[in-house]
Amino acid sequence: MRISTFMAVALLYLATGCVAPVASRLPSDVATSLREKPMRRMETDSLLLYYPAARRDNALRIAERLESCATALRSQAKIHNDYADQKMVIIVPDVPFNNAFVAPSVAGLPHFSVIPTSNTLDFTSELGMPPDPSFVGCHEITHYVQLLQAKGLWGWLNKWVGNVMSPQIGLDSWFLEGLATYYESRLQPGAGRMAWPAWRGYFHAAFAQKRINGGDLSTFQRPFHWGNQYLVGSHFVDFLAKRYGEEALWKLIQEQGDSIFFPFGTALRWKSATKKTLPALVDEFADYVQNVYVVRAAPATQKHVHNAGNSARYAVSPTGREALISASADKPTRLTIYENGKVLRERNLVDILPPRTLSVANPILTSGLSFSQDGNDLYFVALDSGHVQLESRLLRYRINSDKLEEVLGDLGGTGGSLSRDGNSYFYASADGDKRHVAELDLATKTARIVREAGPRSYYGEIRQSPDKSKLVASYFDGKSFAIRVLNASSGQTLTELRIAGAVHDPSWVDQHRILLLAEFSGRFQLHVYDLRTRQLTRVSDAPYLAFQPRPFQGKFRFLNRKGWDWSINSVPDKELSVVATIPSPAEIAPGAEQAPNVRVHSDKPYSQLDNLFSPSLRTPTVLAGPQKSTIVGLSLSGADRLFTHRWSAAGYLNPESREVSGQFAYGTSILAPADMQVYLGQFSWQNGDNETIQRQREGGVSVTYPFRSGATFLSFSEFQVEEPLDADLDKRFRRLSGPSLGIQFAAIESTAYSGPRRGYSLSAQAGYFASALNSLDADIGDLQASLRLWTPLPFSRRHTLSLGLRGRRQYGLSRNDGLLDVGGTTALYRAVQRNEPESESEDNGAPDFFGYSVPLRGFEDLQFHTNKIAIAQLAYRYPLILDFGISHTAYLLPSLQFRQLDLQLFGTGAIESFKNYSDREKLAAGFSLDLAVSIWLVPFAVRYQMAKRLTDDEAIVHSITIEI
């Protein structure tokens with residue numbers, strides 16, 4: 001998870017001064033797994049590992065690897081104190097989360113890391129990362145060790161006040177992710193992105209004799225589908241480590257950990273570590289890249305066939321049909337079928353209208369493309385959102401009828417290939433830290449394990465030979481990659497291809513020859529391995545990177561990388577050089593499993609009381625109220641280690657009146673995937689003019705239940721204000737309480753450049769406020785609904801048209817007593833300006849600032865009150881892509897990235913009643929320019945808008961706003 005996500009929580013907390021948030025701190029699929037499966041707590045030298053009771057052996061192997069990585073990293077670290085050397089909390093859910101993250105300590109959120117026991121994402125295809133939780137965990141441990149590096153002011157605050165902030169987040173994402181990517185291979189030789197030819201090929205193809213600048217390092221750059229902060233950041237860190245030594249990297253981390261204003265001056269802190277500022281180092285790196293990563297030309301025998309976007313998956317049928325799943329920053333994920341060099345079929349993979357076969361589509365989430373022998377059906381596996389967790393859907397595309405069907409809802413692994421007879425599908429079955437060779441019977445939907453994998457061993461890209469007697473597969477044995485040929489019935493290993501470099505992605509040319517990728521001169525090239533002669537011969541000389549090779553009518557086709565994009569290229573089936581003759585191995589039997597070498601101090605069932613009453617934040621708090629009143633107090637927050645229960649509390653004292661105020665919030669995932677939150681608060685404010693006391697009470701309970709592409713929520717809220725009008729007068733009491741039920745759902749196809757381009761989002765909410773529970777002396781019903789539609793337009797992939805419809809009606813209130821504030825400034829701005837006197841029409845007995853602000857574009861400076869409103873907005877949007885930036889701003893300020901300039905043309909209309917609407921309509925039209933920018937980790941947009949009101953005062957209104 002991005003650190004900027006946690007920063008947003010921190011900034012909100014610090015801005016409001018309220019109790020720490022108790023929202024769910026874990027994704028719903030992780031929280032559900034932790035609730036459903038008995039968990040245990042294992043303590044080792046450096047770790048507190050929380051794991052499923054049924055996965056103890058798996059957990060020991062994870063602990064062994066993480067301990068090794070932590071020991072190596074902490075030996076490099078410069079800061080050692082109680083905070084920096086604390087034991088790391090690792091949560092290991094038994095769910096295919098297909099991600100891992102470290103949460104930095106911000107605003108009371110404690111450090112922790114989530115590393116799932118298994119993954120069903122095909123990491124190896126592009127990243128050279130085996131889907132081993134312990135291997136992935138070493139990357140996360142690098143983050144963890146770095147984020148704990150704090151001393152001085154922030155070290156003291158984090159130790160004594162609680163988890164306030166890690167100064168390490170002041171360093172840009174390219175360093176955080178680059179360092180972790182660098183160490184995932186440095187500490188685990190033989191695998192990882194920096195050791196993988198594809199990772200080097202991506203970088204070389206993108207920057208061949210091009211000059212890198214600071215903007216290319218940014219996490220907000222969009223050409224690379226895995227993120228520039230990983231690709232460019234890791235190569236920059238590798239360059240710095242080789243030129244200045246790893247110690248310089250940790251010297252920078254030490255300087256950052258001791259900084260007070262940690263987001264500022266990072267460009268100068270490099271000087272203490274390397275004797276050069278960050279701009280000078282970026283220039284040095286740019287010179288190096290220009291000199292080393294030269295332009296390469298493809299040989300004359302390599303022919304261009306099709307373009308394939310910047311992310312792609314590719315397959316070929318025996319009849320010559322081709323399948324391409326591709327996407328780019330400008331193009332959504334599409335499935336294209338070619339025949340005789342021409343497009344036969346092309347379709348969107350994301351379904352918008354129900355029933356939705358796929359709600360998420362991305363080439364990197366796709367594996368195992370395989371045609372039937374007649375070329376009429378295409379099978380593949382796609383990761384998609386499920387009811388609770390990600391599911392590996394086995395899909396079949398009927399080419400002749402253009403129909404996409406679900407064969408199996410959750411395969412539980414990554415794709416391989418269809419059997420030659422079309423009766424079964426071979427795949428890699430995920431089982432903790434291993435992947436077996438499995439075969440799914442398509443008629444009965446039952447699976448059998450063909451070959452079991454040992455711990456930390458993984459099969460993939462499984463394909464059946466033409467005579468159906470053998471299988472070929474990629475294989476990782478915990479240390480290096482190989483190609484294995486297996487007996488299709490028994491799973492017995494018949495032969496193994498293992499060379500000094502990487503090998504990957506085998507497929508059958510004929511009964512005796514296998515086409516595969518092998519490393520040659522640091523690059524992936526097409527090779528053919530002959531089972532009879534055991535010779536490995538090279539057949540391609542792609543300039544930067546060859547990928548996903550497939551036999552095609554006596555030639556070989558493959559994905560060829562150039563710049564940021566793929567293209568399908570072709571080379572002849574012709575030997576360029578004999579690379580090696582591989583000796584014939586004896587039958588390879590699984591080796592004896594060695595017990596993990598890790599010292600376990602304790603291992604016991606998990607208790608929900610673990611750390612629950614130990615506050616993770618203990619901070620003084622000051623709140624400013626109405627009439628310039630101020631209260632001071634102390635805020636506490638905490639949670640158990642698995643965040644089943646989260647709580648926060650604060651007590652305040654008014655220094656003048658000695659009145660006591662307080663807040664309490666509680667959240668729980670004990671009903672996961674539903675999440676429940678409870679909030680109570682009472683505030684007493686001093687009125688400076690007449691020395692009276694205003695009391696505000698609020699509370700509520702809410703339950704949110706997520707589902708595929710949406711969520712429902714049920715809540716009950718209570719808000720009341722007791723406000724004396726004068727010291728000698730009676731009090732004015734305002735109250736509004738009642739339940740609400742809502743639902744929201746979205747089905748959207750988007751691209752990195754255009755944003756949402758096809759789809760819809762909808763929401764509906766109903767609330768009821770009984771007269772006995774409010775001060776308005778009426779039963780009030782509150783209904784609201786919204787629908788937004790997006791559609792692409794012809795002639796360009798970027799511009800879009802959107803239509804938004806919103807409606808809200810409050811029953812039981814007249815128009816003059818309506819609580820809806822339409823147009824005008826935002827609720828936050830009005831809250832700041834709440835000392836201004838209110839007009840008589842606003843005094844309707846309801847509490848102020850209850851969240852009934854209804855924005856209306858073109859009427860930002862003109863507000864009116866009503867009990868019902870219907871709004872429509874039509875907007876045209878065209879983004880002008882900028883994507884350039886710098887690694888620093890004037891040396892002292894953080895990085896700056898200019899993302900894009902959006903031109904919008906809009907028209908809005910609002911109506912209170914469809915009867916006699918001529919005097920109740922509001923119309924406006926105009927345009928806006930939005931400059932999307934990011935500073936440090938914070939993206940925002942500066943908007944200039946000109947709107948012409950066509951009703952009311954018919955004014956032309958200019959405005960400049962900032963949206964975060």
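A polar contact is a pair of N or O atoms within 3.5 Å; within protein, one atom must be able to donate a hydrogen and the other to accept it. The structure discussed here is a predicted model.

Gln 945 belongs to strand S49, which covers residues 938-949. Its relative accessibility is 3%, so Gln 945 counts as buried, the cut-off being under 20%.

| Side chain | Partner side chain | Polar contact |
|---|---|---|
| Gln 945 | Arg 857 | 2.9 Å |
| Gln 945 | Glu 860 | 3.3 Å |

Leaving aside neighbours within four places in sequence, the residues in contact with Gln 945 include Gly 858, Phe 906, Phe 927, Val 957 and His 958. Asp 782 lies 163 residues from Gln 945 along the chain, and the C-alpha atoms of the two are separated by 32 Å.

**Nonpolar cores**

The largest nonpolar core comprises 135 residues, and Ile 90, Ile 141, Phe 175 and Phe 236 have the most contacts inside it. Helix H3 (residues 56-76) supplies the largest share of this core, with eight residues. Another core, of 21 residues, lies apart from it and has Leu 335, Leu 358, Leu 378 and Ala 382 among its members. Beyond its neighbours within four places in sequence, Phe 236 is in contact with Trp 174, Leu 217, Leu 278, Leu 281, Val 282 and Phe 285.

**Helix H5**

Helix H5 runs through residues 133-147 and has 15 residues. From first to last C-alpha, H5 reaches 21 Å, close to the 21 Å expected. H5 bends by about 30 degrees at His 139, and 15 of its 15 residues are buried.

Terms used
Residues are numbered from 1 along each chain as its sequence is written. This is a predicted model: local features need pLDDT of at least 70, side-chain atom pairs count only at pLDDT 80 or more; totals for chains, interfaces and linings use all residues. Side-chain values use heavy atoms; hydrogens and water are left out. Helices (H or I, at least four residues) and strands (E, at least two) are DSSP runs, numbered from the N terminus. The expected span of a helix is 1.5 Å times one less than its number of residues. The bend at a residue is the angle between axes fitted to the seven residues ending there and the seven starting there. Buried means under 20% relative accessible area, exposed over 50%, partly exposed in between (1.4 Å probe, protein chains only). A nonpolar core is a set of buried Ala, Val, Leu, Ile, Met, Phe, Trp, Tyr and Cys residues joined through side-chain atoms within 4.5 Å. Contact means heavy atoms within 4.5 Å.
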